[in-house]
Amino acid sequence: MFFHVLTLFPEMIMDGLDTSILGRAMEKGCIRAEAVNIRDYTLDKHQKVDDYTYGGGAGMLMQAQPVYDCTQAVIDRIQKDKLFQEQETASVRVIYVTPQGRVFNQQMAEEFAKEEDLIFLCGHYEGIDERALEEVVTDYVSIGDYVLTGGELPAMVMIDAIARLVPGVLNNDESAMTESFGNGLLEYPQYSRPQVWRKKEVPPVLLSGNHKLIEEWRLEKSIERTKERRPDLYEKWRAEHDHCK
Ligand code: ADE
């Protein structure tokens with residue numbers, strides 16, 4: 001999987017992705033990431049990439065030309081690499097990170113994880129000229145109903161969630177964590193040593209060694225927790241399970 005992030009702040013992306021599990025995955029070659037500076041594509045002699053909005057209103061808008069040229073250059077490069085490697089070329093998904101998009105979730109992460117290349121387009125200021133978006137964007141995606149100052153953090157959130165689904169990125173211990181959302185429920189509570197801490201004991205069933213009982217207890221706790229903390233998810237899960245009966 002190769003993540004291409006188009007941004008005005010490339011160092012923010014590379015600093016964020018270079019650390020921890022994703023950094024290790026890049027070293028291992030399971031994933032690749034590049035940050036492409038949209039400013040490098042402006043034809044303006046002062047390197048300007050933004051301007052006032054027609055019709056008035058506060059703030060500046062990223063202009064169509066640098067965004068369009070930058071995206072096309074990256075798409076062309078991806079397609080040429082594919083041809084060079086004698087692979088079939090397919091259209092590349094261009095994700096515009098915006099609060100006006102579909103809200104990102106685990107199912108979307110799984111869908112995006114199937115792609116070989118993903119382009120994330122990060123906006124700044126008041127956004128991007130609509131005409132460039134119409135030309136290049138295939139998916140409008142938000143990370144939640146709140147507004148951030150730019151698309152870089154949302155892009156990194158999505159890349160993290162997608163990358164951990166790419167084979168080889170997580171080791172076995174870490175992969176086990178996938179269970180938490182994989183079944184549509186929140187994860188059950190977990191405990192480590194010591195057995196008693198501040199007079200609180202680890203639930204005895206977890207010390208019983210009876211795997212069937214432990215599994216039942218964990219499912220019960222997952223259901224309880226989901227019902228209490230995320231009634232919306234619980235209802236969805238219940239509807240699916242009723243349907244299976
Ligand atoms: N850009 C600004 N806010 C955002 C959000 N909530 N999701 C995605 N992109 C954004």
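1. Gln-47 is partly exposed, at a relative accessible area of 39%; here buried means under 20% relative accessible area, exposed over 50%, and partly exposed in between, with a 1.4 Å probe and protein chains only. Gln-47 is not a glycine, yet its phi is positive, at about 65°. The residue sits in the loop between strand 2 (32-37) and strand 3 (50-52). Helices (H or I, at least four residues) and strands (E, at least two) are DSSP runs, numbered from the N terminus.

2. On provenance: this is a predicted model, in which local features need pLDDT of at least 70 and side-chain atom pairs count only at pLDDT 80 or more, while totals for chains, interfaces and linings use all residues. Residues are numbered from 1 along each chain as its sequence is written, and side-chain values use heavy atoms, with hydrogens and water left out.

3. Lys-199 also calls for a look at the backbone. Its phi is near 65°, a positive value in a residue other than glycine. Lys-199 belongs to the loop between strand 8 and strand 9 (200-201). With a relative accessible area of 81%, Lys-199 is exposed.

4. Which two residues does the cis peptide bond join? They are Arg-193 and Pro-194, and omega is about 5°. Pro-194 lies in the loop between helix 8 and strand 8.

5. Glu-187 is placed in the loop between helix 8 (179-182) and strand 8 (196-197). Its relative accessibility is 23%, so Glu-187 counts as partly exposed. The C-alpha atoms of Glu-187 and Ser-222 are separated by 5.5 Å, although the two residues are 35 residues apart along the chain.

6. The protein chain is divided into domain 1 (2-163) and domain 2 (181-244); the bounds come from an automatic or database domain assignment. Taken over C-alpha atoms, the centres of domain 1 and domain 2 are separated by 37 Å.

7. A search of the whole structure finds 12 salt bridges, a salt bridge being a side-chain nitrogen of Lys or Arg within 4 Å of a carboxyl oxygen of Asp or Glu. Lys-82 has a salt bridge to Glu-116, at 3.8 Å from N to O. This pair links distant parts of the chain, 34 residues apart: Lys-82 is in helix 3 (residues 64-84), and Glu-116 is in the loop between helix 4 (106-112) and strand 6 (117-122). Is Lys-82 buried or exposed? Lys-82 is buried, because its relative accessible area is 10%. Glu-116, at 49% relative accessibility, counts as partly exposed.

8. Lys-82 forms a salt bridge with Asp-117 as well, and the closest N and O atoms are 3.1 Å apart. Asp-117 in strand 6 and Lys-82 in helix 3 are 35 residues apart, and this pair links distant parts of the chain. Both Asp-117 and Lys-82 are buried.

9. The salt bridge between Glu-216 and Lys-212 has its closest N and O atoms 3.0 Å apart. Both residues lie in helix 9 (residues 211-229), four residues apart, about one turn of the helix. Glu-216 is partly exposed at a relative accessible area of 41%, whereas Lys-212 counts as exposed at 59% relative accessibility.

10. A network of salt bridges links Arg-93, Glu-111, Glu-115 and Asp-139.

11. Glu-11, Asp-15, Asp-18 and Glu-27 form a negative surface patch. Patches are made of residues with over 30% relative accessible area and no salt bridge; like charges are joined within 9 Å, and nonpolar side chains (Val, Leu, Ile, Met, Phe, Trp, Tyr) within 5 Å. Lys and Arg count as positive and Asp and Glu as negative, while His and the chain ends are not counted. The place of a charge is taken as NZ of Lys, CZ of Arg, CG of Asp or CD of Glu. Asp-15 is exposed, with a relative accessible area of 54%.

12. A nonpolar patch on the surface consists of Phe-9, Met-12, Tyr-146, Leu-148 and Leu-153, which together have about 430 Å² of accessible area. Accessible areas come from the Shrake-Rupley method with a 1.4 Å probe, and for residues only the protein chains shown count as cover. Tyr-146 is in the loop between strand 7 (139-142) and helix 6 (152-163). Its relative accessible area is 44%, so Tyr-146 is partly exposed.
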